[in-house]
Amino acid sequence: MNRLKGKVCIITGAALGIGRACARRMAEEGGTVALFDLHDEDCTFLAQTLGDAGLPAAYWHVDVSSEESVRSAIDSVVERFGRIDVLVNNAGIAGANKPTHEITEAEWDRVQAVNVKGVLFATKHVLPHMRRNRAGSIVNLSSIYGLISAPDIPPYHASKGAVTLMSKTDALLYATDGIRVNSVHPGFIWTPMVEQHLCDSGTKDLAEGRCALDKLHPLGHVGEPDDIAWGVVYLASDESKFVTGSELVIDGGYTAR
Ligand code: NAI
């Protein structure tokens with residue numbers, strides 16, 4: 001309890017999966033949570049549920065691939081809550097699952113627009129507020145696929161590789177402002193994105209597909225959103241005050257081989 005007391009935290013992609021778990025855990029730890037997403041119904045419900053439990057939360061309809069959408073929402077968060085202490089760049093899409101020689105420019109651009117430019121825009125527009133406070137923590141959701149590869153979804157691998165190094169560059173650029181920037185690298189986590197990825201890959205039986213993914217992880221199973229949310233809470237909190245430019249791998253041993 002209270003690991004994030006007094007901190008105003010923006011979470012992008014907060015409606016579903018990992019983002020929703022982060023929002024819940026961060027709110028339970030005393031953070032005031034600003035939820036950014038496109039799914040109005042899910043996110044309004046989440047903000048309301050948290051509010052009913054006495055946890056301060058509000059929702060903004062934001063498309064992270066639009067700089068104007070991100071900028072105006074961030075200004076509005078500051079107007080409403082007075083400051084920004086934490087940004088979790090979580091919104092992401094898997095994109096087209098085709099080999100490189102079949103990818104269209106539009107398919108490539110869409111994934112980079114959400115997964116890479118989305119991180120840039122939110123980071124760019126929280127930085128003035130964090131620099132003013134001479135403090136802040138930015139947590140970027142990369143992936144095991146930002147560290148190693150696999151023979152599928154080429155635009156996604158490129159985007160997550162970019163996020164890994166964007167995190168380190170920003171960690172170095174803003175360290176003297178008291179702002180920390182770290183990346184998180186989940187293995188397969190059972191979320192709507194992974195279910196969709198299995199369907200797009202031709203999996204007919206989701207339970208069977210999940211079983212196959214389980215076997216890729218030395219611990220014997222895929223992860224759940226809370227496995228990532230607790231790592232994010234740590235990086236957002238002052239418990240990690242000496243941690244910047246680091247890669248927090250939470251993958252059931254996937255990349256240990
Ligand atoms: P998800 O698909 O379950 O949820 C993603 C959320 O992002 C949704 O609420 C969606 O509406 C939102 N979103 C998508 N595009 C958006 C946009 N343009 N603007 C605002 N919000 C947008 O995904 P999941 O699995 O929870 O993934 C979250 C993050 O974790 C992503 O960045 C993903 O790449 C990363 N990740 C996920 C892994 C997994 O196995 N689930 C593994 C490694 C990384």
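How are α4 and α5 oriented to each other? They are roughly parallel (an angle under 35 degrees). This is a predicted model, in which local features need pLDDT of at least 70, side-chain atom pairs count only at pLDDT 80 or more, and totals for chains, interfaces and linings use all residues. Residues are numbered from 1 along each chain as its sequence is written, and side-chain values use heavy atoms, with hydrogens and water left out.

**Helix α4 with helix α5**
- Helix α4 (residues 105-133) and helix α5 (residues 154-174) pack at about 15°, with axes 8 Å apart.
- Axes are lines fitted to C-alpha atoms over the stretch in contact, and angles run from 0 to 180 degrees between N-to-C directions.
- Helices are DSSP runs of H or I, at least four residues, numbered from the N terminus.
- Contact (heavy atoms within 4.5 Å) involves residues including W108, L120 and R131 of α4 and Y156, M166 and Y174 of α5.

**Helix α3 with helix α4**
- The axes of helix α3 (residues 67-81) and α4 come within 9 Å and cross at roughly 30°.
- α3 is therefore roughly parallel to α4.
- Contact residues include E67, R71 and D75 of α3 and F121, K124 and H129 of α4.

**Ligand surroundings**
- Of the 30 residues around the ligand (a heavy atom within 4 Å), D37, N90, Y156, I189 and T191 come nearest.
- A backbone N or O atom of V64 lies 3.0 Å from a ligand nitrogen atom.
- A polar backbone atom of V62 is 3.4 Å from a nitrogen atom of the ligand.
- For M193, a backbone N or O atom lies 3.4 Å from a ligand oxygen atom.

Note on methods
Helix = DSSP H or I, 4+ residues; strand = E, 2+ residues; numbered from the N terminus. Parallel < 35°, antiparallel > 145°, perpendicular 65-115°, else oblique. Polar contact = N/O pair within 3.5 Å; in protein donor to acceptor, adjacent residues only side chain to side chain.
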